[in-house]
Amino acid sequence: MRSNNPVLNRLDETGRVETRVLGSRDVEPMTVDDVVIRTVGLLVVTGATAAVSWVVIPDVAWLGAALAGSALASIALVLVISLRGITNPVPIVGYALLQGLLLGVASRAFEQVYPGIVVQAVAGTSGVFLGMAALYRARVIRATPRLARLVIGTLLGIAVLSVVNLVSYLISGRPGLEVYSVSGEVGWLPYAFSVVAIIAGAFSFILDFDLVERSVRDGRPRRYAWLSAFGLLTGLVFLYWQLLRLLSYLRR
C-alpha cells in the first residue's frame, strides 16, 4: 500500500532505492526488535532528563519564556527530522533531551496544583498506545490512504494552530485554543481542541505501526529503525502533553 502522506512516500521511495542499491552488500536490515530497543532507549533518555529537570531546575521568572522557546525549537526539530527523513541518532536523541526538559518542568508545575495528575497522564498515554497497538495487530484498524490523509492533515493543522496560539499568547498574554496556565477557567474551545488532538494522536500510532511493518518487510537498512523510533516517541510525547492539559481542565 502506498501512503498519501508525502513524507512517508519519500521515505518509502528512499528505502526502496537503498534496498536495491545495497541489496548485494553486507547491510543488515532493520527488525522490529531494533525499533523496540531504540524506542525504549529514547524513552529512557526522555524520562531521565525529565526527572533531572523536575528536581534541579528552579522556579524562576524567566522560566515560562524559556519553555516557550524550547517548545518552538522542539516543533522545528520535529519538522526537520520528519521532512528530511533524518536517520542520524544525534538530532533524534537531542529531541528526546529537549522534550525531557520540557516535560519535567511542566509536569512538576501541574503536579503541584493537581496531585496525581502526572501518574494519570502517564497511565492514559500508555493505555492509548497499547490499545491502538492491539487494534492494529488484530487488523481492526488499518492504515489506509484515506486514514493517512485524515490523520496527517489533522496533525499538521494542530501543529500550525498550536504555534500560532503560542506566539499569540507570548505577545498578548491571552490564551486561545490552548491554556498554558495551570489554573483558571477554561472555555469549551480548549476542551474541544484537546479532544481532537488526542484522537488524532492516537490514530497516528496506526501510521507508525504500518511504517515499521513495511520497513521490516522491505528490508530497509537498520539505521531506519531510528526514524521509526522517533515517530513513536513524538506520538507518545504529543499524546502525553494533550492528556496532561485535558486532565488539568477537568480538575479545575
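Modeller: V32 counts as partly exposed because its relative accessibility is 45%; buried means under 20%, exposed over 50% and partly exposed in between, with a 1.4 Å probe and protein chains only. This is a predicted model, in which local features need pLDDT of at least 70 and side-chain atom pairs pLDDT 80 or more, while totals for chains, interfaces and linings use all residues. Residues are numbered from 1 along each chain as its sequence is written, and side-chain values use heavy atoms, without hydrogens and water.

Colleague: Is S228 buried or exposed, and why?

Modeller: S228 counts as buried, because its relative accessibility is 5%. This residue lies in helix α8, residues 224–250, whereas V32 belongs to helix α2, residues 32–56. Helices are DSSP runs of H or I with at least four residues, and strands are runs of E with at least two, numbered from the N terminus.

Colleague: Which residues does S228 touch?

Modeller: Leaving aside residues up to four places away in sequence, S228 touches M30, V35 and V212. A contact means heavy atoms within 4.5 Å. Across the chain, 86% of the contacts with a separation of 6 or more join residues 24 or more positions apart.

Colleague: How many helices and strands does the chain have?

Modeller: The chain has 8 helices and 0 strands. Of its 252 residues, 41% are buried. Just after α7, G219 takes a positive phi of about 70°.
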